Amino acid sequence: MKGLMYRGPGEIHYEDIPDARLPDAHGAVVKATVCSICGTDLHPYHTDMGFNNYCIGHEAVGEVVEVGAEVRSFAKGDRVLIPASIGCGRCKPCLSGHVYLCDSYPNGRAYGQGDPTIPGCQAEAIAVTMADNNLFLLPEGMSDDLGIMLTDNIATAWYCARRGRIEPGNTVAVIGLGSVGLQAVMAALAMGAERVFGLDLLEDRRKDACAIGATDVGGEDVVARVLDATDGNGVDVVLDASGGRVTTALAIDLVKRGGRISQIGVSEQFEIPFPILGALFKNVEFHTGVCSVQAEVPHLMAALASGKLDAGQVGGIITHRMNLSDGAEAYRLFDSRPDGLKKIVLDPTR
């Protein structure tokens, strides 16, 4: 079969890769109908993370084409979404949905992150381990576009907002308005935020955030603008969808005394400075972590069914469609961040 292989920084190749096969009696094989590129995929694209030569990607939806004898919840022909996070399916964290805390894999696992035993999702088919715990049925009528967002992006945004414990009436600042950041705006509003400030260096991204209900915060001194809009107090919650040397300090400057910061942006730096005294003197709660998609999908399904989340807005994050065979060009385009680009999906059949 065909897939996208990561061969080193800046090197994505569409080529023959080993066929996806049943891992064991508890596994499944899913033929991908849509896969997509995540901002996290750009980290190895930019920087040598210490491992090369693997099929990349961790977002896909598709159709089950084979199941192991012990699989109970899925059958051939089912339309499914594949959560980016993977767990053993047997330990207490996995059974509660918190698969990133899996007892068997203390450093967490995801598709296409360099582990040769877990090839990526930017391929014609994906081998899924412990299928009963690591797949979700797509509800009748749910589009592939909406399903692909649930595999990681909107799940991570919802996790970020939930960890920030957004309450009705809160003021919120979202730092970084890429795909996940825009959906963090959606999540904050769905959870009852009264006002959401959108911060990003790119004007077109701020405009996108305004279109879904955020207040544009641009210019030279964004902290002063937010403080002025909050009577000098700062916001109740900061959601940092960027993560890094600048944004962590910015989040501490923006949050009010006794406020909360939830940071889910994956940095390309292994260490960043942390202004500990600024956080300490404000009595700030600081949360960070990697999303267990399995824990968030049920909440997302309920929010979509109730209308708290607008399915059109979530699926509307997708702006570009390309063939998997054009994967190298898709990465170049995604990395260049032209105006209007929010999310690229890839067609694995072409």
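**Second largest pocket**

User: Which strand gives the largest share of the lining of the second largest pocket?
Analyst: β7 does, with three residues. Strands here are DSSP runs of E, at least two residues, numbered from the N terminus. This is a predicted model: local features need pLDDT of at least 70, side-chain atom pairs count only at pLDDT 80 or more, and totals for chains, interfaces and linings use all residues. Residues are numbered from 1 along each chain, and side-chain values use heavy atoms, without hydrogens and water.

User: Which strands each supply at least two lining residues?
Analyst: β4 (54-55) and β7 (125-128).

User: How much space lies in that pocket?
Analyst: About 260 Å³. Of its 20 lining residues, Pro 18, Cys 55, Pro 116, Pro 119 and Gly 120 are the closest to the centre. A pocket is an open set of points on a 1 Å grid where a 1.4 Å probe fits, with protein on both sides within 12 Å along at least five of seven lines; lining residues have an atom within 4 Å of a point.

User: What is the lining like by class?
Analyst: It has 15 nonpolar, two polar and three charged residues. Gly counts as polar here, Cys and Pro as nonpolar.

User: Now the whole chain. How many helices and strands?
Analyst: 13 helices and 16 strands. A helix is a DSSP run of H or I, at least four residues.

User: How much of the chain is buried?
Analyst: Of its 350 residues, 51%. Buried means under 20% relative accessible area, with a 1.4 Å probe and protein chains only.

User: What box do the C-alpha atoms fill?
Analyst: Roughly 60 × 40 × 35 Å, along the principal axes.

How values were computed
Grid points are joined across faces, edges and corners, and a volume is the space filled by probe spheres set on the points. Buried means under 20% relative accessible area, exposed over 50%, partly exposed in between (1.4 Å probe, protein chains only).
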